[in-house]
Amino acid sequence: MTPVLIFGAGSGVGLCLARQLRRDGVPVFAMLRSPAAEAGLAVLGVRTVSGDAFSTDDIDRALALPGTRALDVVSTIGGRAADGRLADEDGNINIAERTAAHGVERFVLVTSIGCGDMAPFRSERAIAAFGAAVDAKTRAEEHLRRKLPSATIIRPGGLRSEPATGRGILSDDPQIHGFIHRADVADLIRRALRDRDTEGRTFAAVDADQARCVNPIRPFHLAE
Ligand SMILES: NC(=O)c1ccc[n+]([C@@H]2O[C@H](COP(=O)([O-])OP(=O)(O)OC[C@H]3O[C@@H](n4cnc5c(N)ncnc54)[C@H](OP(=O)(O)O)[C@@H]3O)[C@@H](O)[C@H]2O)c1
């Protein structure tokens, strides 16, 4: 099983993903900005290194963790640093740059509904609330596509921290929107890593029962 390095495993979707991959016996590595999650991840058998995505040296140290073995990489990071920089953009661009330089082929970047070709379908409310972060994520997506065309981009809808429903779907319809539970996003990432048909593709991720779309919803058929 190819080891997976997660940026963002300290909480949320990234932590759910670490748990699910360890349950499957996959070797998991993580770069953590804050030490709070370190002990919990160690119990799961995740090897961690401390680091900040604004530092390419830190990212290089994280990429070196598994040694010479092949590696898949996932980034779920986001948010604004104390100095105003957005991890959504600068952090993810650094991760994309160093991951590509390291020769990694499988990379999954988690961004957000509303990015890229979904932008024209955002509501005024969504633009006011998350517009800047979503635009920053779009720039990271664009950079990643240039650096690592085979990467998979997953754009979740509104996130909820509730148990998995098993009803998460991927869709390439730019007009879809809705909600999804963090554990279900993690499950979609886990499966996308194994499904080569997701390479080079960009998808929204929503819960089939919490999704809205003006078009009939046609989920991407993701391997189990
Ligand atoms: N909230 C929503 O409804 C929503 C909707 C769509 C998409 N999203 C996006 O989906 C992704 C996952 O969301 P989530 O709420 O599950 O995640 P989260 O709990 O906010 O976790 C993000 C992780 O990124 C880490 N991080 C942030 N900046 C970093 C940096 N400079 N260097 C290293 N690590 C850094 C954080 O570390 P620390 O533990 O040190 O803070 C944290 O562990 C995020 O990109 C989010 O923006 C969210």
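## Strand pairing at one edge of the sheet

Two strands count as paired if DSSP finds at least two bridges between them. In this predicted model, strand E8 (residues 168–171) and strand E10 (residues 202–207) are joined by four bridges and run antiparallel. Within this pair, Leu 170 stands opposite Ala 205 in E10.

E8 belongs to an open sheet of eight strands with mixed pairing, in the order E3-E2-E1-E4-E5-E6-E10-E8. Strand E3 (47–50) and E8 are at the edges, and each has a single partner strand, so one side of each is left without a neighbour in the sheet. From one strand to the next, the twist averages 20 degrees.

Elsewhere in the order, strand E1 (residues 4–7) and strand E4 (residues 72–75) run parallel and are joined by four bridges. Here Phe 7 stands opposite Ser 75 in E4.

## Helices packed on the sheet

Helix H3 (residues 56–63) packs on the sheet and touches E1, E2, E3 and E4. The direction of H3 makes about 155 degrees with that of E1.

H6 also packs on the sheet. The strands that H6 touches are E1, E4, strand E5 (106–110), strand E6 (152–156), E8 and E10. The direction of H6 makes about 160 degrees with that of E5.

## Helix H1 against helix H6

Two packed helices are described by the angle between their axes and the distance between the axes. For helix H1 (residues 12–23) and helix H6 (residues 182–194), the axes come within 8 Å and cross at roughly 55 degrees. H1 is therefore oblique to H6. The crossing of the two helices H1 and H6 is right-handed.

On the H1 side, the contact consists of Gly 12, Val 13, Cys 16, Leu 17, Gln 20, Leu 21 and Arg 23. These meet Arg 182, Ala 183, Val 185, Ala 186, Asp 187, Ile 189 and Arg 190 in H6. By type, the residues of the H1 and H6 contact divide into eight nonpolar, two polar and four charged.

## Helix H4 against helix H5

Helix H4 (residues 87–101) and helix H5 (residues 124–147) have axes 8 Å apart and pack at an angle of about 10 degrees. Angles under 35 degrees count as roughly parallel, and H4 is therefore roughly parallel to H5. H4 passes H5 in a right-handed crossing.

H4 contributes Asp 88, Glu 89, Asn 92, Ile 93, Ala 96, Glu 97 and Ala 100 to this contact. From H5 come Ala 133, Ala 136, Lys 137, Arg 139, Ala 140, His 143, Leu 144 and Lys 147. The residues of the contact of H4 with H5 comprise seven nonpolar, two polar and six charged.

## Ala 37 in its loop

Ala 37 lies in the loop between strand E2 (28–32) and helix H2 (38–44). The relative accessible area of Ala 37 is 16%. Buried means under 20%, so Ala 37 is buried.

Leaving aside residues up to four places away in sequence, Ala 37 touches Gly 10 and Leu 32. Ala 37 and Ser 11 are 26 residues apart in sequence, with a C-alpha to C-alpha distance of 7.5 Å.

Notes: Residues numbered from 1 in each chain as written. Predicted model: local features only at pLDDT ≥ 70, side-chain atom pairs only at ≥ 80, totals over all residues. Heavy atoms only, no water. Axes fitted to C-alpha atoms, helices over the stretch in contact; angles between N-to-C directions. Parallel < 35°, antiparallel > 145°, perpendicular 65-115°, else oblique. Left-handed = near helix turned anticlockwise from the far one by under 90°. Contact = heavy atoms within 4.5 Å. Nonpolar A, V, L, I, M, F, W, Y, C, P; charged D, E, K, R; others polar. Buried < 20%, exposed > 50% of the residue type's maximum accessible area, 1.4 Å probe, protein only.
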